[in-house]
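Visitor: Could you take me through this structure slowly, and tell me what stands behind each term as you use it?
Guide: Gladly; please look at it first.
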2 protein chains.
Amino acid sequence: MTSTSELHAHLMGIDTHEEPIAYLSSDCDICRAEGFAANTRLRIQAGERSLIATLNTVSPAILAADKIGFSDSAWAYLGLRRGQRLQVSHAPLVPSLSALHKKIYGHRLDPEEINGIIRDIKHRLYSDIEISSFLTANAAGKPSVAEITALTYAMVNCGNRLHWPEGRKIYDKHCIGGLPGNRTTPIVVAIASAAGLTIPKTSSRAITSPAGTADTMEVLTQVDLTLEQLRAVVTETGACLAAGGEVGLSPTDDLLIRIERALSLDSPGQLVASVLSKKVAAGSTHVLIDMPVGPTAKLRNQLEAEQLATLFYRVAEPLQIKLRCVLTDGSQAIGYGVGPVQEARDILAVLRNEPDAPEDLRERSLYLSAQLLAMAGEAPYEQARDQAREILASGLAWQQFQSICAAQGGLKKFAEGAHQSELRAQCQGQLISMDNRRLARLAKLAGAPSSPEAGLHLRVKTGNLVAPGQPLATLYAATPGELAYAREYFHHNPNIFAIGRPP
Amino acid sequence: MTSTSELHAHLMGIDTHEEPIAYLSSDCDICRAEGFAANTRLRIQAGERSLIATLNTVSPAILAADKIGFSDSAWAYLGLRRGQRLQVSHAPLVPSLSALHKKIYGHRLDPEEINGIIRDIKHRLYSDIEISSFLTANAAGKPSVAEITALTYAMVNCGNRLHWPEGRKIYDKHCIGGLPGNRTTPIVVAIASAAGLTIPKTSSRAITSPAGTADTMEVLTQVDLTLEQLRAVVTETGACLAAGGEVGLSPTDDLLIRIERALSLDSPGQLVASVLSKKVAAGSTHVLIDMPVGPTAKLRNQLEAEQLATLFYRVAEPLQIKLRCVLTDGSQAIGYGVGPVQEARDILAVLRNEPDAPEDLRERSLYLSAQLLAMAGEAPYEQARDQAREILASGLAWQQFQSICAAQGGLKKFAEGAHQSELRAQCQGQLISMDNRRLARLAKLAGAPSSPEAGLHLRVKTGNLVAPGQPLATLYAATPGELAYAREYFHHNPNIFAIGRPP
């Protein structure tokens, strides 16, 4: 339809997360005349910007008939001001839906078709259920390497790109996640850049975990850098530790990840395209992938891990990225801290060579740093490991970390959680295992990451002998309510720490 | 989580269609303590009833911190009263999602797994994006006959069933749709039941079309019958012409159809399960399926139609339904009327043997009636056709139709649309074709079916010669605005009626 109607913009004060919702009074003339009803897809035109929103009709008591209300995210995306005049019409047919149907019915898509889908998702033409359908079809359709490569490029083309001098090697290190406290990135970046590697690291905030690297780094310094600020930090120090969101590398991926998480759908093809699109956009030439394997980690066994690694290698090749996947132990949380502040403490302890620094976090960071250095140089792994160890032990890594933070706006001070409580063992024995998923949930219930000080400080590791009443972990929270809530979860899930007979 | 929080129910006055949405103030303690945020899935317990809703957080100006708001459909489903105290907690893991993931990754599901998915959808545990994922996975996974049969049974088990005396043959006639004005059902039911067949017909209201059989029949009589009323009407007359919604046969199918339509996804497996679940629930033993084939119909060619028919036959067999699929001409609208009142006029004209009754509607109804009679008796088709023709011509069918309407509450009177306008030919020539989809859209823009009097009265059929300015159709609407809006659509889409050179 070419016919449109004019209405005045109104901010409803409703946060629908990313899904754009428009609200019209059920007795407005336009609804009647245009046949708009609840669930109609509307095209909203506001000056240069436009978006497709789903309509909710509301009681006339809530909204005047000449107004159109918007959810927070729709309002922000359109950059509206109160009372602004808008054109509203039936949403046009989304051009790429025919390609989506083709994919559903088992056909291969060519790069142009995949581009079309990603472009339409970027332009907010897809509803959440359409994005869900795309992700499901893509998981079910077992995409080919060519399709995953095309998907990766399509996502790169939708966002910003970092360009570096011709021929320069650009490094990156990525963990596929799922292991609480596994915050090696800041340490690895410090060591690798102290050794002369260029490693412009952008990290995401937590989506379902109690902390992402960006959340933890935010405790220590500024992480929301513009593209220009990021370039300046890297020019000065050879590295950065920034949040990915602001920089806008592969932003469409974030729209997909939101629905993937809601569906608990983590298909290998989508995961590979998601990770590699951010690397290509960052201009990376050498990428190290940390893959923790364990019964409660994302990858449950060796076979799953090897299949994923193979897919990574096959897609990285046409993208001209030199890749190394390393399988690591994913049987328990790393370090002592879970949650932004607690993890930041661990990182500082390792970088400062403090005697009580968590050994597992240190050794893992050294291992990954050495892998990166070995990729970079002609030196064998053993030599690279000695080099990494020397950089950390000498204080060079700590000095380099401070330089990066200084370039990003300075090292911040941070506080402990206001409320704390011990989680104690109920019986005697040996700690056999930790449930990574429930441990993460526990820290989230305490308020992490939105309260950075909330989380856990682990007091034991698997293999330790424990006595009844001995503290297993200290719980931190910003409010007594959250502390009580997390304690109750622990009470109902004592098997987070599985205690068995001593050997 | 077992922890819950108590809040007071509040009706927001927001129609989100079927998707249940809950609203909480962003500064309420519970959001903080429980970690609820926009998009969190919540479990709402209200006495005996419970449901899973998606959370929208709202400005404190809209909702007090001790209240929880609900969308219209969530409020109705929970049967709430204002201020009622409710328990709210994190939604539990939906048990059948693991089966959904299995399906996504290409595995076959057993009947228990399919039952679990349909049961969870019925209990409103699935979000719209999860339903979308299920429908997509099911379309992409090319379900086996065993899976479609299990899906059919699962949907039957979620609703009411009609039981008839042992050994009695129960007939049904179904059209897969897509052809405006193809309202043969009331005529076929009258003829078949006049011939002694038991045909307890329930029909749906329009979902995307300008009229469903239930919308058209509602112009003529009461269609919202309870299960008891329906049984009484069938006992008295051998037939009924009721709306499906009230009776509750395979109600979960309606939740699926809503998302299928939004995705324009019409997978053969889902279609067959949808149709046959309603027939099994109605206790049908003999089912006739009308499949219009044409370039702008749902089935575009012979091959598509035959593939669908084959699937229908294969699934009907284990369900012990005797099935007959008939392919019919789907090249243009049937009868003169499009929209509830206009179609009702056509039906009455045929039943009353009026001289200007639409011949195509009459012949098609006779053809389908004869197919049903042939299925029933041992007589060949030619004899059944003579019988059907005699029942119609003698006035027996009209008498029987009046009896059915009387048993359902009496024959109603109805009025013409208040506003009308002629759609005229712009050139001379022969009418080559009609675009069924755009014709349906035109009638909907005029207000059909929510305004029953809105719609079209066609003045020409393909093959007719037309002169410039000659009326092609009369447009009816309840308001001048809708009339103007539909006219404008016609102005932009003159090819709805394709006029070519005369032969």
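Visitor: What share of the residues in chain A is buried, and what makes a residue count as buried?
Guide: A residue is buried if 20 or more other C-beta atoms lie within 10 Å of its own, exposed if 12 or fewer, and partly exposed in between, with C-beta atoms placed from the backbone; by that rule, buried residues make up 55% of the 503 residues in chain A. This is a predicted model, in which local features need pLDDT of at least 70 and side-chain atom pairs count only at pLDDT 80 or more, while totals for chains, interfaces and linings use all residues. Residues are numbered from 1 along each chain as its sequence is written, and chains are lettered from A and ligands numbered from 1 in the order in which they are written.

Visitor: How do you know whether the radius of gyration of chain A agrees with that of a compact globule?
Guide: The radius is taken over C-alpha atoms, and the globule rule is 2.2 Å times the number of residues to the power 0.38. For 503 residues the rule gives a value near 23 Å, and chain A has 25 Å, which agrees. Along its principal axes, the C-alpha trace of chain A spans about 75 × 55 × 45 Å.

Visitor: What relation do the two chains have, and how do you know?
Guide: Copies are superposed by least squares on the C-alpha atoms of residues with pLDDT of at least 70 in both. A rotation of 179 degrees, with 0.1 Å of shift along its axis, brings chain B onto chain A with an RMSD of 0.1 Å, and that is the relation of a two-fold axis. Of the residues of chain B, Ile129(B) comes closest to the rotation axis, at 2.4 Å for its C-alpha.

Visitor: How many residues does each chain bring to the contact, and what makes two residues count as being in contact?
Guide: Two residues are in contact if their C-beta atoms, placed from the backbone, lie within 7 Å, and on that basis 49 residues come from chain B and 49 residues from chain A. The largest share of the side of chain B that touches chain A, 9 residues, comes from H5(B), where helices (H or I, at least four residues) and strands (E, at least two) are DSSP runs numbered from the N terminus.
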